[in-house]
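Hi there,

Here is the structure I promised to pass on to you. Have a look at it first, and then read my notes below.

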Amino acid sequence: MKVLYPSLMNKAALLAGLWMVFGAQANDTPVAVVNGVAIAARLMDRNVQANVAQGQRDTPELRAALRQELVARELMTQEAQKRGLDKLPATQDALQTMRQNLLIDLVLNDELTKNPITDAELKTEYERQVKALKAAGELQQFQISTIALATEADARSVMTALRSGQAFDATAKARSMDPSKDKGGELGWFLPDQIAPAISNVVVNLAPGAVSAAPIQVGPYWHVVKLNAKRPFQVPGFEESKALVQSAVVQSRRAALLKRLSDAAVVK
């Protein structure tokens, strides 16, 4: 059985779990008592809900596995406290940061629950972004493929093979370390500022079908890059962009809330 433990949950579930830890009531019926410390039933329920949301069934076996993990976590926590690790300044700082992050997420969620983002708000932001893109002039998109290698020598070996007639996509599938290898190295369409500068500076000067003249280092990997095609930038439709536009609106709402709080605050 695949069980999602607290350490493997998504951020929302983890934050909810932390809330249950800090906000548990003393009169909750515990699922276990470890060296005199009660583990609240509400914490078990929250973990069960997180697993069910991921496709698990609420079974006695699931609850037993979760109970075992909760007990293990409490034992490790108690050992850390016994050793005085919770009193270290670094630990206190980390706990303070976790508390702040939890409360920030809660207040933002509360703000968006009380004032939901509307379609009209999303459309306004979408139109603003489209206008900004058009004001930037005629933009080009580039469709690129890559073969990522561990060393410069490996990359040069691949380039020699390509010059001898080996197909780029077949070579990518056989040798690339990038997840795109399954698609023959194809990464999709990008604007120049959406990819690493070391690659974009080369790609913008390639003709369609051409391969970079030398390996390109990005981080620990060496890339052999091919420009498949280029085209005028096509502004995606509203529905296609909705998720990204919503993220922008959320950030805008966060900034507006922070400004209101800052304007009303006394900071010395």
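Let's start with two helices: α5 and α9 pack at an angle of about 100 degrees, and their axes lie 9 Å apart. That makes α5 roughly perpendicular to α9, a term for angles of 65 to 115 degrees. Axes here are lines fitted to C-alpha atoms, and angles run from 0 to 180 degrees between N-to-C directions. The contact (heavy atoms within 4.5 Å) includes Leu122 and Tyr126 in α5 and Val245 and Val249 in α9. By class, this contact of α5 with α9 has six nonpolar, three polar and six charged residues.

Before going on, please note that this is a predicted model, where local features need pLDDT of at least 70 and side-chain atom pairs count only at 80 or more, while totals for chains, interfaces and linings use all residues. Residues are numbered from 1 along each chain, and side-chain values use heavy atoms, without hydrogens and water.

Now for the other pair: α6 (residues 152–163) and α7 (residues 168–175) pack at about 150 degrees with axes 10 Å apart. That makes α6 roughly antiparallel to α7, the word for angles over 145 degrees. Asp154, Ser157, Val158 and Leu162 of α6 make the contact with Phe168, Thr171 and Arg175 of α7.

Finally, which residues lie nearest the centre of the second largest pocket? They are Leu133, Gln194, Phe233, Pro236 and Leu244, out of 19 lining residues. Both α5 (119–135) and α9 (238–264) give two or more residues to this lining, which divides into 12 nonpolar, five polar and two charged residues. (A pocket is an open set of points on a 1 Å grid where a 1.4 Å probe fits, with protein on both sides within 12 Å along at least five of seven lines; lining residues have an atom within 4 Å of a point.)

Enjoy exploring!

Definitions and conventions. Helix = DSSP H or I, 4+ residues; strand = E, 2+ residues; numbered from the N terminus. Nonpolar A, V, L, I, M, F, W, Y, C, P; charged D, E, K, R; others polar. Parallel < 35°, antiparallel > 145°, perpendicular 65-115°, else oblique.
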